[in-house]
Amino acid sequence: MSAMDCETARDLLPLLRGAGLSARDRAGLEAHIAGCEGCRAEAELLAMLRRTPATPPAGLVERILDALPARRPRQRRAVGLLALAATLAGAVLVGKGVVQDLLDADAPGGPAASADLPAELLQPFWPGDDELAAGIAPALHQLSVDELEVLLAELES
Amino acid sequence: MSTEREAALTAGEEAALVARARAGDRDALAALVSSNLAAVYGVTARILGDRELAADAAQDAFVSALGALDRFRGEASFRTWLLRIAVNAARTLARRRGRRREVALEVAADLAAEQGDPVLRVALGAEAARVEQALARLPEKQRLAVTLRVYHELSYGEIGAVAGCSEGAARVNYHLGIKRLRELLR
């Protein structure tokens, strides 16, 4: 097994404590860290960062679930009650078009679902960042094609 | 300390949950929220630097994404798609509420308060405050790349998909962020 270089080691360091590394890369990375003061210091920096996670507040899961637009049974009940009231009153207060609108909104993928997603949330906001890769960190481009392929294979595994 | 990535769903589990959630299965929706909350909140908190705003943005992201599951085509993972929406939700909220706080100490205060040992509490609290201050000083692109890579172990390709930049740019942003943090925290 060839020795791991610093560029590869530093790319893989964030994965050292998780399950994203192969046994071979983990062994290579640990061997590299043991003999490289700079990469060992970076590993210690990452450990320091990880001791300060951003932890969600208690109850946020429940709050989110309560906010989800899954009020379908209530909408159906509301439609039913409105229709009943209209019938009993002998007046056509709830026309077919209104009822149909509510039912359409209730249907999966209907108007309610799409209206909940502002278009801006799905728009990219950092277009054209490739100049960063080209200009600011030329050392990253000194990796050989083989090294890049190994790195990409590991990153995508 | 375990990372959120360790609790992440496999691709098969995620696809099955998404299919059930599309059909209105509340348990599946809850599982998708639970398994992605740490990453979504982590992203919104690091962008906004404010605990309450971060929770609001996380909620916005989940409500938007889960309300539009029919638009999710599976070209990226659900997690990546959701995180992309979370980033945009946080930025939208930041624009509406004004500038983000320059320094976020709430996370540090929470971490310190959790420690029973007074000496450890003081030490970890001070360290957490330094880390939060240093992270807050990074440009947002670098802070996001570091957050997604260090805390959630996303690949550079995934980071690029979340951030809306190329994989190469995501990698460079990560390394620039780490170099800057090394200077700020030494």
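This is a predicted model: local features need pLDDT of at least 70, side-chain atom pairs count only at pLDDT 80 or more; totals for chains, interfaces and linings use all residues.

Biologist: Chain A, then. How many helices and strands does it have?

Modeller: Chain A has nine helices and zero strands.

Biologist: And how much of chain A is buried?

Modeller: Of its 157 residues, 17% count as buried. Among chain A contacts with a separation of 6 or more, 55% join residues 24 or more positions apart.

Biologist: Switching to the cores. Which residues touch the most other members in the largest nonpolar core?

Modeller: Val40(B), Ala57(B), Ala61(B) and Ala86(B) do, in a core of 62 residues.

Biologist: Which helix gives the most to that core?

Modeller: α2(B), with 11 residues. Another core, of 10 residues, lies apart from it and includes Ala9(A) and Leu21(A).

Biologist: Back to Ala86(B). What is it in contact with, leaving aside neighbours within four places in sequence?

Modeller: Val40(B), Val43(B), Thr44(B), Ala57(B), Ala58(B) and Ala61(B). Ala86(B) sits in α4(B), and is one of the residues there that meet α3(B).

Biologist: How do α3(B) and α4(B) cross?

Modeller: Their axes come within 8 Å and cross at roughly 130°. The pair is therefore oblique. The crossing of α3(B) past α4(B) is right-handed.

Biologist: What kinds of residues make up the contact of α3(B) with α4(B)?

Modeller: The contact has 12 nonpolar, one polar and three charged residues. From α3(B), Leu53(B) and Asp56(B) are among them. From α4(B), they include Trp81(B) and Arg97(B).

Notes. Residues are numbered from 1 along each chain as its sequence is written. Chains are lettered from A and ligands numbered from 1 in the order in which they are written. A nonpolar core is a set of buried Ala, Val, Leu, Ile, Met, Phe, Trp, Tyr and Cys residues joined through C-beta atoms within 7 Å. A residue is buried if 20 or more other C-beta atoms lie within 10 Å of its own, exposed if 12 or fewer, and partly exposed in between; C-beta atoms are placed from the backbone. Helices (H or I, at least four residues) and strands (E, at least two) are DSSP runs, numbered from the N terminus. Two residues are in contact if their C-beta atoms, placed from the backbone, lie within 7 Å. Axes are lines fitted to C-alpha atoms, for helices over the stretch in contact, and angles run from 0 to 180 degrees between N-to-C directions. Angles under 35 degrees count as roughly parallel, over 145 as roughly antiparallel, 65 to 115 as roughly perpendicular and the rest as oblique. A crossing is left-handed if the near helix is turned anticlockwise from the far one by less than a right angle, and right-handed if clockwise. Ala, Val, Leu, Ile, Met, Phe, Trp, Tyr, Cys and Pro count as nonpolar, Asp, Glu, Lys and Arg as charged, and the others, Gly among them, as polar.
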